[in-house]
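I opened the file for a quick look and kept notes as I went. The entries follow in the order I made them.

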Amino acid sequence: MNDIGWIDAALTAARPQAVAALLRYFRDLDTAEEAFQEACLRALKHWPLNGPPRDPAAWLILVGRNVALDHVRRRSRQEALPPDDVISDLEDAEANVAERLDNAHYRDDVLRLLFICCHPELPATQQIALALRIVSGLYVKEIARAFLVSEAAMEQRITRAKRRVGAADVPFETPGAPERAQRLAAVAAMLYLLFNEGYSASGGDVHVRVPLCEEAIRLARLLLRLFPAEPEIMGLLALLLLQHARAPARLDSEGAIVLLDDQDRSLWDREMIDEGLALVEKALRHRRPGPYQIQAAIAAVHARAPRPEQTDWAEIDRQYAILETLQPSPVVTLNRAVAVSKVQGPVAALEMIEGLAQPLAGYFHFHGLKGALLMQLGRDAEARDAFNRAIALAHTPAEAAHIRLHLDRMQREGKPRSTKKASAHQRQG
Amino acid sequence: MLYAILCYSDEVATRAKPKAQDDALLADLEPVQRQLCDEGKLGPHLRLMPTTAATTLRYGKETVVLDGPFAETKEQLLGFYVIECANFDEAIEVGQRLLGPRIAHGGAGALEIRPVAMSWTGGSLK
């Protein structure tokens, strides 16, 4: 690979750590970003000549800090710009900084940087946009494309979000344990949103959104590297990997969603699955279950089944039962009902979702599953009702088309038969 | 004479490259490695999973299981095993069995357990 390619990768990799440390020095996002930008320009000039520094992040932090300080000085005293060789004796200084920047030091910097993007007053999409801009360093143009808005609109959104978090005053002291846990949870939630933004095909070209998934995985990996003993962060990364591994099989040639049961499992990314499974096992050893770990464990059950019929639904039922107690919600119960329909049959599953009619009245998947269960029992008229309601609530043409398939099949085949089971309506895609 | 060749690089920067670039690298490495296998010079070779998947058994006066890779600079790599296990718990167990004699002889150090991402059997060595 050529030099520029290497430098590009090194700058991308060093960015979160470098911007985070510069933010601690300058306590101002714009100054930190500008300083990093300047340092990158110098890197592009120096690295091809002198070779890459031993610790690119430390180099960028040091140079960025010097450059920004020069700017401040220049502005206040109108002095001449110091010659470029201020950074000539960098080798020693770099080693010095690198020593002070060991893992324990900068992990709270990076966490703070990510946490600043999670300001509770910011709507989710703005949190994500801000993280992509500041932490990942994506161009506004790229972010705008992923969110299907104009560049100008995204620019404005990010500027506004920055102003808001700028006034938020996140303390710069090293956080205490409870504070750190709270920040980690907020950041994990934001990363999961970011991933889902790329994963859910709702609205527009899916291919454009794949980078969002990859970025979420990259940031989750960064977080886990900084906090290697947090089982929920292991769970989060595992969950993202296991879900993303299915991406190549999730859409057919026309862009319609292929449900889990119908996916060509040979297209699943084996390497990602293996890593996801390794992380799930590692997390579960801690015996501190949490929502990400459980969802990852469920995804792992699917990933382990070579064919849909070999899925261990009893284990999925068990995991959802734990999730129900940890994080009770109608949607979790609905998902559990899918597993119950496999293990105990449609009657038990219908019973389980009976109480959900009210809270999930406007939820596409509720009516879809209800229809599929009724269809399985040969209660075609009721099934048709539920399916029609689902179609009215569908978010994408693909969702509606999928339900229409059931309706057509009932039409065609007339009377009861053992159909494509309740799984035909499974959310996990 | 048997030699081991250990591969080091910046993991984060390596991961920051697009997948196509990695595929291209593997494609270019393949003929070189195949040739070496044919010559009876290259045996098993593998690529490890990222360090985030690693767990370390640190031993000395007592043994502790730590999440994450081996991170000390005071100690050097002295050897390695390739093991096959049904799951992670079993891998830890194997690690602990391998520690037994080391601890009995008063040793101290670490065994890092890292899942293998890709592996090739390679040629039979002469």
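This is a predicted model: local features need pLDDT of at least 70, side-chain atom pairs count only at pLDDT 80 or more; totals for chains, interfaces and linings use all residues.

**Entry 1: an aspartate in chain A**

I looked up A:Asp108 and found it buried, at a relative accessible area of 5%.

I then placed the residue. A:Asp108 sits in helix α5 of chain A, which covers residues 103-116.

Which side chain makes a polar contact of 3.0 Å with the side chain of A:Asp108? I found that A:Arg180 does.

I also listed its neighbours, leaving out residues up to four places away in sequence. A:Asp108 touches A:Thr174, A:Pro175, A:Arg180 and A:Phe227.

**Entry 2: a helix pair in chain A**

I turned to helix α17 (residues 364-376) and helix α18 (residues 380-393) of chain A. Their axes lie 8 Å apart, and the packing angle is about 160°. An angle over 145 degrees counts as roughly antiparallel, so α17(A) is roughly antiparallel to α18(A). I logged the crossing of α17(A) and α18(A) as left-handed.

I checked who makes the contact. From α17(A), the residues include A:Phe364, A:His367, A:Leu374 and A:Met375. From α18(A), they include A:Ala383, A:Ala386, A:Phe387 and A:Leu393.

**Entry 3: confidence in chain B**

I checked pLDDT for chain B. The average is 93, and 100% of the residues score at least 70. Where in chain B is confidence lowest, and where is it highest? I found the lowest mean, 83, in helix α1 (residues 11-16) of chain B. The highest, 96, belongs to strand β4 (residues 109-113) of chain B.

Notes
Residues are numbered from 1 along each chain as its sequence is written. Chains are lettered from A and ligands numbered from 1 in the order in which they are written. Side-chain values use heavy atoms; hydrogens and water are left out. Helices (H or I, at least four residues) and strands (E, at least two) are DSSP runs, numbered from the N terminus. Buried means under 20% relative accessible area, exposed over 50%, partly exposed in between (1.4 Å probe, protein chains only). A polar contact is a pair of N or O atoms within 3.5 Å; within protein, one must be able to donate a hydrogen and the other to accept it, and residues adjacent in sequence count only if both atoms are side-chain atoms. Contact means heavy atoms within 4.5 Å. pLDDT is the predictor's confidence in each residue, from 0 to 100. Axes are lines fitted to C-alpha atoms, for helices over the stretch in contact, and angles run from 0 to 180 degrees between N-to-C directions. Angles under 35 degrees count as roughly parallel, over 145 as roughly antiparallel, 65 to 115 as roughly perpendicular and the rest as oblique. A crossing is left-handed if the near helix is turned anticlockwise from the far one by less than a right angle, and right-handed if clockwise.
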